[in-house]
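Take a moment with the chain below.

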Amino acid sequence: MADMARKDFTAANRAAWNASAPLHAQGDPWAQLLARAGEPGFSVLDPCLTAVLHRLGLAGKSAAQIGCNNARELLSLASLGIRPALGIDQAGAFLAQARQLAEAAGLAPRLVEADIYDLPPDLGQVDLALITIGVLNWMPDLPAFFRVTSGLLAPGGVLVIYETHPFLEQFDPAAATPFEPAFSYFERRPQLVTEAISYDGKDHGKGETGYWFLHPLGEIVTACVRSGLAIEELAEFGHSIREPEYDLYEGRAAQIPMSYCLIARKLPA
């Protein structure tokens with residue numbers, strides 16, 4: 001994999017996500033999500049992220065979500081008075097679902113299918129950039145990712161990242177010894193993802209091969225600061241925002257960090 005370029009990794013990940021999209025738009029869960037999207041105050045945001053966004057006082061401000069998937073979280077921002085202006089994802093099949101949810105919600109964010117490292121030049125700037133679970137680990141070039149993210153923010157705009165804690169990436173809940181580290185915290189080789197991507201904890205068989213990157217917290221913080229963003233807060237939590245199989249790491253006497261929320265602000269030019 002040493003001879004693979006950044007564009008090769010992103011192209012492979014795009015194919016993996018597009019191939020998995022049909023799994024997320026079928027059956028009762030999808031029908032229920034569509035129905036909920038049309039209800040007043042629709043939101044899939046958990047209490048932790050809801051409280052963070054409410055505390056930041058962003059009502060009336062514009063927002064973009066990077067790696068928006070089917071835009072269910074982007075659309076949920078409207079329940080807090082935040083304007084969901086822009087959703088970016090490289091998987092067109094998920095953006096097709098996003099358009100259905102947006103129509104049901106009566107909202108019209110701009111939904112852009114693009115490689116985050118090669119965005120259209122006319123996206124403008126927003127007051128809030130939101131990044132949630134699973135985005136950073138699909139990124140082969142973290143410094144470039146944060147430079148692009150910073151460029152999407154207006155001066156004084158805020159970045160909110162609500163993600164899996166890198167420490168949790170050391171563990172494999174499917175291993176025979178799930179409480180022993182399965183991966184080095186400092187592993188730099190991309191991890192092959194060969195199974196179909198899903199959130200329900202079920203085995204959906206093989207999918208297109210994607211690449212998962214392990215980024216330690218120090219690398220994330222450093223890339224963020226070097227992109228011109230000033231970190232205001234970094235909170236770590238013992239609750240999971242991952243797939244159900246990771247729930248076995250919650251509620252222990254010796255609790256490991258499982259998620260975190262980073263808040264950073266765009267410095268004036």
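What do the buried residues of α5 pack against? They pack against α1, α2 (27-37), α4 (72-76), β2 (83-89) and β3 (110-113). This is a predicted model, where local features need pLDDT of at least 70, side-chain atom pairs count only at pLDDT 80 or more, and totals for chains, interfaces and linings use all residues. Residues are numbered from 1 along each chain as its sequence is written, and side-chain values use heavy atoms, with hydrogens and water left out.

Some terms come next. Helices (H or I, at least four residues) and strands (E, at least two) are DSSP runs, numbered from the N terminus. Buried means under 20% relative accessible area, exposed means over 50%, and partly exposed lies in between (1.4 Å probe, protein chains only). Contact means heavy atoms within 4.5 Å.

Stay with α5. Its buried residues are Gly92, Phe94, Leu95, Gln97, Ala98, Leu101 and Ala102. Just after α5 comes Gly106, with a positive phi of about 70 degrees.

Now move to α1. Phe9, Thr10, Ala12, Asn13, Ala16, Trp17 and Ser20 are buried there. They cover an arc of only 160 degrees around the axis, so they lie on the same side of α1. That arc is taken from the directions from the helix axis to the C-beta atoms. The cover over these buried residues includes α5 (92-105) and β7 (206-212).

Pick out Asn13, which sits in α1 (residues 6-20). Asn13 is buried, with a relative accessible area of 1%. Leaving out residues up to four places away in sequence, Asn13 touches Gln90, Trp138, Gly210, Tyr211 and Phe213.

Glu245 is another case. Glu245 lies in the loop between β8 (229-237) and β9 (259-266). With a relative accessible area of 36%, Glu245 is partly exposed. Glu245 and Pro40 are 205 residues apart in sequence and 32 Å apart in space, C-alpha to C-alpha.

Last, look inside. A cavity is a set of points on a 1 Å grid over the protein atoms alone where a 1.4 Å probe fits but cannot get out; lining residues have an atom within 4 Å of a point. The largest cavity is lined by 15 residues, and Asn137, Pro166, Glu169, Leu214 and His215 lie nearest its centre.

Terms used:
1 Å grid on protein atoms, 1.4 Å probe; cavity = no way out; pocket = protein on both sides within 12 Å on 5 of 7 lines; lining within 4 Å.
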